[in-house]
Amino acid sequence: MSARCIVLLCLWLLCAITPAGANDYYDLVPQRIAPDTYVFLGALEAFDFDNHGAVANSGFIVTEQGVVVIDTGPSRLYGEAMRAAIAHVTDRPVVRVYITHAHADHFLGNNAFADVPIAALPATARTIRSAGEAMARHLYDRVGAAMRGTSAVVPDEIIMPDMEPVVDYGDHRLELIATAGHSPADLMILDRRTGVLFAGDVVFHDRAPATPHGDIAGWQQALAGAARTGFRIVVPGHGPVASDDTPLEQTGAYLRWLVERLQAGAARGDSAAELMFEALPPRWAALAVQPAEYRRSVTYLYPALEKATLE
Ligand SMILES: [Zn+2]
């Protein structure tokens, strides 16, 4: 066999053993959670060089009208791996992408969907336009080469759920729910056909909620809104899918505890550093990405609470 044949054979073998939805960095395996409905589960970790930023959940719904994608992950290569994995499930085209909110782990895969309408709430599109490139650079520092070729593609379709709260894709009627609290604009999507609620980062599960852009009172209202949808299955932004209220209650209880602890610290006159290194109760220490996420919350939330207490 000539050297050229051997090279070709090796290339063929490499292609044959590479699973659908995989590239050098991401091996995305869609989990079917309901009829026509799939998720890619992110690692329950902070960004690092091993997970390549794939820490958030994303998903898609296969409808008669085509595929609806919810969130695109942290990088162009992740988005491309998503498209390859979707193509392995269905030959229908992707017809729309929804971005739940403007955080790097949820929208930086938009590069791979530039040929598809990408829809988001007004404030989400604004934030991606003004801060998206900085977020991409920041993530590059955290996860490295998996980010190559990634830029911040701004959603080109602004959704106004007040005016158009439901959109039909074949017999999947999707309810678009505009909330805020985890970030200044959080989109949730309820598929009335299957009862699946894509909750974005309004809901975390077994992973400490990330609060740097949080308005905790608004967030609690968003959680109440999520509970009122009467969903049958909830897809959190981070953590395992559930068929009951557990992740909503866990997120709400953690946020209540967090605010109470910070208020108590402010009333005692604790410094942020003292509060930061205080031990966590076992229930909250057991969540993934602790104590890092708690410490980040102290950094971001404590100054305002301290000021309010002093006044
Ligand atoms: Zn997230």
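Biologist: What volume does the largest pocket have?
Modeller: This is a predicted model, and the values are computed from it. For the largest pocket, the computed volume is about 700 Å³.

Biologist: Which element supplies the largest share of the lining of the largest pocket?
Modeller: The lining of the largest pocket consists of 30 residues, and F47, H103, P212, H213 and R296 lie nearest the centre. At least two lining residues come from each of helix 3 (104-107), helix 4 (122-143), strand 11 and helix 9 (292-310). The largest share, 6 residues, is that of helix 4.

Biologist: In the open sheet of 7 strands, which strands stand at the edges?
Modeller: The 7 strands of this open sheet follow the order 1-2-3-4-5-6-7, with mixed pairing.

Biologist: In strand 6, which residue stands opposite Y98?
Modeller: Strand 5 (residues 94-98) pairs with strand 6 (residues 118-120) in the parallel sense, over 2 bridges. The residue of strand 6 that stands opposite Y98 is A119.

Biologist: What angle does the direction of helix 2 make with that of strand 3?
Modeller: Helix 2 (residues 76-89) packs on the sheet and touches strand 2 (37-40), strand 3 (58-63), strand 4 (66-70) and strand 5. Between the directions of helix 2 and strand 3 the angle is about 35 degrees.

Biologist: Is R193 buried, partly exposed or exposed?
Modeller: Buried means under 20% relative accessible area and exposed means over 50%. R193 has a relative accessibility of 39%, so R193 counts as partly exposed.

Biologist: How far apart are the closest N and O atoms of D168 and R173?
Modeller: D168 is partly exposed, with a relative accessible area of 35%. R173 is also partly exposed, at 37%. The two form a salt bridge in which the closest N and O atoms are apart by 2.7 Å.

Biologist: Which residues are linked with R268 in a network of salt bridges?
Modeller: R268 is exposed, with a relative accessible area of 52%. Its salt bridge with D270 has the closest N and O atoms 2.6 Å apart, and D270 counts as buried at 12% relative accessibility. In the network, R268 is linked with R261, D270 and E278.

Biologist: What is the C-alpha to C-alpha distance between V235 and G59?
Modeller: V235 lies in strand 12 (residues 233-238) and is buried, with a relative accessible area of 3%. Leaving aside neighbours within four places in sequence, the contacts of V235 include I33, V39, N57 and F198. V235 and G59 are 176 residues apart in sequence, and their C-alpha to C-alpha distance in space is 8.8 Å.

Notes: Residues numbered from 1 in each chain as written. Predicted model: local features only at pLDDT ≥ 70, side-chain atom pairs only at ≥ 80, totals over all residues. Heavy atoms only, no water. Pairing = 2+ DSSP bridges. Helix = DSSP H or I, 4+ residues; strand = E, 2+ residues; numbered from the N terminus. Contact = heavy atoms within 4.5 Å. Axes fitted to C-alpha atoms, helices over the stretch in contact; angles between N-to-C directions. Salt bridge = Lys/Arg side-chain N within 4 Å of Asp/Glu carboxyl O. Buried < 20%, exposed > 50% of the residue type's maximum accessible area, 1.4 Å probe, protein only. 1 Å grid on protein atoms, 1.4 Å probe; cavity = no way out; pocket = protein on both sides within 12 Å on 5 of 7 lines; lining within 4 Å. Points joined across faces, edges and corners; volume = space filled by probe spheres on them.
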